[in-house]
Amino acid sequence: PTRDGGTRDATFNFKQDGEKLTGTMTGPQGDIELKDGVVKGDDVSFNVALSFGGNDVKLIYKGKVAGDEIKFTRQREGADQTQEFTIKRAK
């Protein structure tokens with residue numbers, strides 16, 4: 001989701017090793033490395049660091065796996081507002 005309520009396409013590539021999660025998020029800013037990724041049961045979490053006009057932003061992702069989908073909430077570090085979205089496994 002975007003700030004104005006629109007959407008953008010993004011691709012997440014995940015690699016799980018035990019409880020450790022690594023990978024990338026690919027979108028308008030190119031490939032961005034996932035940081036501090038953790039998988040515990042159906043719960044998934046990771047952070048992404050972005051830079052907009054010289055301002056560094058950390059986004060915190062928390063999700064719940066359900067079949068071929070992950071329902072996520074995304075929050076900017078230090079902000080109270082969250083955004084919800086669902087990603088689906090590519091077929």
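**Figure 1. Overall view of the protein chain.** Along its sequence the protein chain runs β-β-β-β-β-β-β-β, that is, eight strands and zero helices. Helices (H or I, at least four residues) and strands (E, at least two) are DSSP runs, numbered from the N terminus. The model is predicted: local features need pLDDT of at least 70, side-chain atom pairs count only at pLDDT 80 or more, and totals for chains, interfaces and linings use all residues. Residues are numbered from 1 along each chain as its sequence is written, and side-chain values use heavy atoms, with hydrogens and water left out.

**Figure 2. Dimensions and surface of the protein chain.** Taken along the principal axes, the C-alpha atoms fill a box of roughly 35 × 25 × 25 Å.

Figure 3. Of the 91 residues, 24% are buried, where buried means under 20% relative accessible area, exposed over 50%, and partly exposed in between (1.4 Å probe, protein chains only). A nonpolar core is a set of buried Ala, Val, Leu, Ile, Met, Phe, Trp, Tyr and Cys residues joined through side-chain atoms within 4.5 Å. The largest such core has 17 residues, and those with the most contacts inside it are F12, M25, F46, V48, Y61 and F72. At least two residues of this core come from each of β2 (20–27), β5 (43–52), β6 (55–66), β7 (69–76) and β8 (82–88). Strand β5 gives the largest share, four residues. In soluble globular proteins, nonpolar side chains tend to be buried together.

**Figure 4. Surroundings of V48.** Contact means heavy atoms within 4.5 Å. Not counting residues up to four places away in sequence, V48 touches M25, I32, E33, L34, V57, K58, L59 and Y61. Across the protein chain, 13% of the contacts with a separation of 6 or more are between residues 24 or more positions apart.

**Figure 5. D36 in strand β4.** D36 is found in strand β4 (residues 35–40). D36 is not a glycine, yet has a positive phi of about 55 degrees. Most residues other than glycine have a negative phi. D36 is exposed, with a relative accessible area of 57%.

**Figure 6. K20 in strand β2.** K20 lies in strand β2 and counts as exposed at 52% relative accessibility. Leaving aside neighbours within four places in sequence, K20 is in contact with K15 and G37. The C-alpha atoms of K20 and V39, 19 residues apart along the chain, are separated by 6.2 Å.

Figure 7. G67 is in the loop between β6 and β7 and is exposed, with a relative accessible area of 62%. From G67 to R89, 22 residues apart in sequence, the C-alpha to C-alpha distance is 9.1 Å. Q81 is in the loop between β7 and β8 and is exposed as well, with a relative accessible area of 65%. Q81 touches R74, Q75 and R76, not counting residues up to four places away in sequence.
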